[in-house]
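Here is a short report on a few annotated positions and their surroundings. Take a look at the model first, then read on.

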Amino acid sequence: MASKLGRYSHLRALSSAISINNHIRSPHFSNPNRAPLSFSYRLFSNAFSSSSTGGFQRASSLKDLELAKFASIAETWWDFEGPFKPLHVMNPTRLAFIRSTLCRHFDKDPNRARPFEGIKIVDVGCGGGILSEPLARMGATVTGVDAVEKNIKIARIHADLDPVTSTIEYYCTTAEKLVEEDRKFDAVIALEVIEHVANPAEFCKSLAALTVPDGATIISTINRSMRSYATAIVAAEYLLHWLPKGTHEWSSFLTPEELVLILQRANITVREMAGFVYSPLTGRWSLSDDIRVNFIVFGTKNCQ
């Protein structure tokens, strides 16, 4: 399976890329098109600034412009030909990775119709619920949270159409606020979200705080590479019009090294990584060892 290809090769390269003092120096990922490494250090400067008491100051990870952007198209979440069509098309592949990794980690049978029974999952940045609903159908106890109130209203309305998905608990809130409420989950999932937050490091710190010890964290995003600029922005937004113009900001993308380092500092160890590759011939996405554009990681929270 493609995800197995990415489970070890990329992680070996990434682990060798991060030295004791957390400098990124992997020749596996170095190329002349990469943004300067100083970008990585700017990501962490605000999130990990020490307070007068020696702890960390928790700042909001939200971008007001991003919230307004998604609020303007919230009513189209379940339009399979609308602005969120790319996510609908990608969903089966995202779910395949989630099913495989979570079943392996929690010792569940992936061949069962409802393999996630007994697992508490929070879908952070759930949007209209296009990921929360299939997770609920697979037996998980699902909580979906989003900072855009319109998204939550749409998600609730759609979930109530099916008795199985009507059990999903939706809240208009943030990961940070859930942490303040001392909420804990077996698995924390945030797909295509981190590239839209103002402070990725602080965001991941909140995800880690929501995860029980030895629990799972899954994040998917877009690599900051010239290939991603050409495909995810120029092609997807301006040529093919798959996404509204301005959906993504290239400088907000994270490289795999950066995401692994951020998670490592948040007490999460990345165990598995895979790429998503789109085939224009079939119109489908598949799991791959190619992480140059879209990629997804599975990590576990370290027991202390």
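Is Leu191 buried or exposed? Its relative accessible area is 7%, so Leu191 is buried. Keep in mind that this is a predicted model.

**Leu191 and its contacts**

Leu191 lies in strand S4. This strand covers residues 185–191. Setting aside residues within four places in sequence, Leu191 is in contact with Arg94, Ile98, Leu131, Ile218, Ile219, Ser220 and Ile296. UniProt, in an unreviewed entry, gives Leu191 the feature "binding site". The record places that feature at Arg94, Gly125 and Asp146 too.

**Arg94 in helix H4**

Arg94 sits in helix H4, which spans residues 85–105. How buried is Arg94 by its relative accessible area? The value is 3%. Buried means under 20%, so Arg94 counts as buried. Not counting residues up to four places away in sequence, Arg94 touches Leu87, Ile130, Leu131, Leu191, Glu192 and Phe276. Leu131 is therefore a contact of both Arg94 and Leu191.

Glu192 is in the loop between S4 and H8. Glu195 is in that loop as well.

A polar contact of 2.5 Å joins the side chains of Glu192 and Arg94. Beyond its neighbours within four places in sequence, Glu192 is in contact with Leu87, Met90, Arg94, Ser220 and Thr221. Leu87 is among the contacts of Arg94 too. Ser220 is among those of Leu191.

What does the side chain of Asn199 reach? It reaches the backbone nitrogen of Glu202, at 3.2 Å.

**Burial of the residues discussed**

The table puts the accessibility values side by side.

| Residue | Relative accessibility | Class |
|---|---|---|
| Arg94 | 3% | buried |
| Leu191 | 7% | buried |
| Glu192 | 13% | buried |
| Glu195 | 3% | buried |
| Asn199 | 8% | buried |

Why does Glu192 count as buried? Its relative accessible area is 13%, and buried means under 20%. Glu195, at 3%, is buried by that cut-off as well. Asn199 is buried too, because its relative accessibility is 8%.

Definitions and conventions
Residues numbered from 1 in each chain as written. Predicted model: local features only at pLDDT ≥ 70, side-chain atom pairs only at ≥ 80, totals over all residues. Heavy atoms only, no water. Helix = DSSP H or I, 4+ residues; strand = E, 2+ residues; numbered from the N terminus. Buried < 20%, exposed > 50% of the residue type's maximum accessible area, 1.4 Å probe, protein only. Polar contact = N/O pair within 3.5 Å; in protein donor to acceptor, adjacent residues only side chain to side chain. UniProt positions renumbered as here; feature names shortened; annotations may be inferred. Contact = heavy atoms within 4.5 Å.
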